[in-house]
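Reader: I am new to this structure. Please take me through the terms used for it, one at a time.

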Amino acid sequence: MKNTSVKDFIVKTTILILLVCISGCAVPTIPPPFGRNKVRTKRAEWHVAETPHFEIYYYPEIEELIPRISQILEETYHKVTEDLDYEPLEKTPFFIYATHNDFEQTNISDGVGEGVGGFAEAFKNRFVIPLTGSDRDLEYLIRHEYTHIVTFEIFYGGFWKSVRLLKSVFYPYWFMEGIAEYETDSWDTYADMLVRDAAISDQLISLSDLGNFAHLESHQILLAYKQSWSFIKYIADTYGEDKIALLPFEFKDRFDSNSVLYRITKKDLFRVNKEWHDFLKQKYSKDTEGKKEPGFYGKQLTKNKKGNRNPAFSPDGEKIVFISDRNNCYDIFMMNSDGSGVRSLLKNKLMRKIDVIHSDGHALSWSPDGEKIAFVAEKRQKDYIYIFNLKKRKLRRLKN
């Protein structure tokens, strides 16, 4: 009977570990489509390069980038370990993919989709990112994910790691993602705009609602990341930068945010949240002094509260196309320039001909005659240029 109980405990513990072992992700862009199976179209031939603190797993086509990647990794190691006052005991495995499509085929995790920029895995303390072609993105992703690795080491390192992993569900996202964002040092005007708009319109998310991001609307996810970042910075600026290094160690020994924040600030979660929100409202209120409500300057064209993005006017200025998740998946919509006549362009073609619509940069383009729309989308782990004929309502995929 005793042996059976021990066996049941091991099985249940293993299942729980598998459910929680991946908990660190870089900022998402667009959520992956529902019900999509993982497709593997490429088998990588992995090579290994080593630095003083990392094992870099890569394939030959990106070998020439390894010196630069190694440099960023080592610079990140020294910054993050110094800020958090902790050094991992062993080298950290790091996996780098040449493209996001390759990255989505990883067998390290089954939870990788179009909206995932990178991830850190706690059980084996390894992290994985794709190349985007941007040196800035590379540095950002490495810093973000490696911060997760160091916090994982603090939380789960040492004996009984498997049992310690069961505490993962108690660590709030505002801390896990906030401190990873804080370590990137890449706060920009877009992040500032998101938090400012939320502050002046009373749309700030409270700390109690930032414990987990799963309940948030898709257009709130990026705001949740940036707000979490701003809260960690608020703690550093208000209570001292030394408190940042204390946070992970306080969470290691405790289960709730309230007790941790009280240890750090001598105030409970409700009071700290109110002070932080008041600080943001006061900081950004100067931007609105002497200004009227947005409706005074122009008509609001999109009424729904979902995420609307990448608007593009037709050559004659009479039509607008944009990407929106108003129907709970990203689609391309068109409307008149006065906001009337909104309709979906791809409704019957999503998932059948397209898996994911890309929204980076100038995502939508009109033909000079205003009869066609061009955009980039993904189907079965490959990117294609698509042309939509507005008159014929036909979608065509260009051959690579």
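Author: Let me begin with a term. A salt bridge is a side-chain nitrogen of Lys or Arg within 4 Å of a carboxyl oxygen of Asp or Glu. The model is predicted: local features need pLDDT of at least 70, side-chain atom pairs count only at pLDDT 80 or more, and totals for chains, interfaces and linings use all residues. Residues are numbered from 1 along each chain as its sequence is written, and side-chain values use heavy atoms, with hydrogens and water left out.

Reader: What makes K79 and D83 a salt bridge?

Author: The N to O distance between their side chains is 2.8 Å. The limit is 4 Å, so the pair qualifies. Both residues sit in helix α2, 4 residues apart, about one turn of the helix. Helices here are DSSP runs of H or I with at least four residues, strands are runs of E with at least two, and both are numbered from the N terminus.

Reader: Why is K79 called buried?

Author: Buried means under 20% relative accessible area, exposed means over 50%, and partly exposed lies in between (1.4 Å probe, protein chains only). K79 has 18%, so K79 is buried. D83 has 31%, so D83 is partly exposed.

Reader: Which other residue meets K79 in a salt bridge?

Author: E183 does, at 3.1 Å from N to O. E183 lies in the loop between α6 and α7 (189-200) while K79 is in helix α2, so the pair ties together parts 104 residues apart in sequence. Both E183 and K79 are buried.

Reader: Which residues are linked with K79 in a network of salt bridges?

Author: The network links K79, D83, E139, R143, E183 and D185. By the rule above, the count comes to 21 salt bridges. Another one joins E275 and K267, with the closest N and O atoms 3.0 Å apart.

Reader: Are E275 and K267 buried or partly exposed?

Author: E275 has 22% relative accessibility, so E275 counts as partly exposed. K267 has 18%, so K267 counts as buried.

Reader: Why are α8 and α11 called roughly perpendicular?

Author: Axes are lines fitted to C-alpha atoms, for helices over the stretch in contact, and angles run from 0 to 180 degrees between N-to-C directions. Under 35 degrees is roughly parallel, over 145 roughly antiparallel, 65 to 115 roughly perpendicular, and the rest oblique. The axes of α8 and helix α11 (residues 269-285) cross at roughly 100° and come within 11 Å. Therefore the two helices are roughly perpendicular to each other. The contact (heavy atoms within 4.5 Å) is made by Q227, S230, F231, Y234, I235 and Y239 of α8 and V272, E275, W276, H277, F279 and L280 of α11.

Reader: How many residues of that contact are nonpolar, polar and charged?

Author: The contact has 8 nonpolar, 3 polar and 1 charged. Ala, Val, Leu, Ile, Met, Phe, Trp, Tyr, Cys and Pro count as nonpolar, Asp, Glu, Lys and Arg as charged, and the others, Gly among them, as polar.

Reader: What makes I96 buried?

Author: I96 has 0% relative accessibility, so I96 falls under the 20% limit. I96 is in strand β4 (residues 92-97). Leaving out residues up to four places away in sequence, I96 touches several residues, including W46, I56, Y58, I129 and L138. L131 is also touched by I96.

Reader: Which residues have the most contacts inside the largest nonpolar core?

Author: They are I56, F94, I96, F127, W174, F231 and I244. That core has 77 residues. A nonpolar core is a set of buried Ala, Val, Leu, Ile, Met, Phe, Trp, Tyr and Cys residues joined through side-chain atoms within 4.5 Å.

Reader: Why is α6 called largely enclosed by the rest of the structure?

Author: In α6, 9 of the 10 residues are buried, so the helix is largely enclosed. Among them are W174, F175, M176 and Y182.

Reader: Is F170 buried or partly exposed?

Author: F170 has 41% relative accessibility, so F170 counts as partly exposed. F170 is in the loop between α5 (161-164) and α6.

Reader: What does α9 pack against?

Author: The buried residues of α9 pack against α2 (66-84), α4 (135-156), α6 (173-182), α8 (221-239) and α10 (257-265). Helix α9 spans residues 242-253, and its buried residues include I244, L247 and F251.
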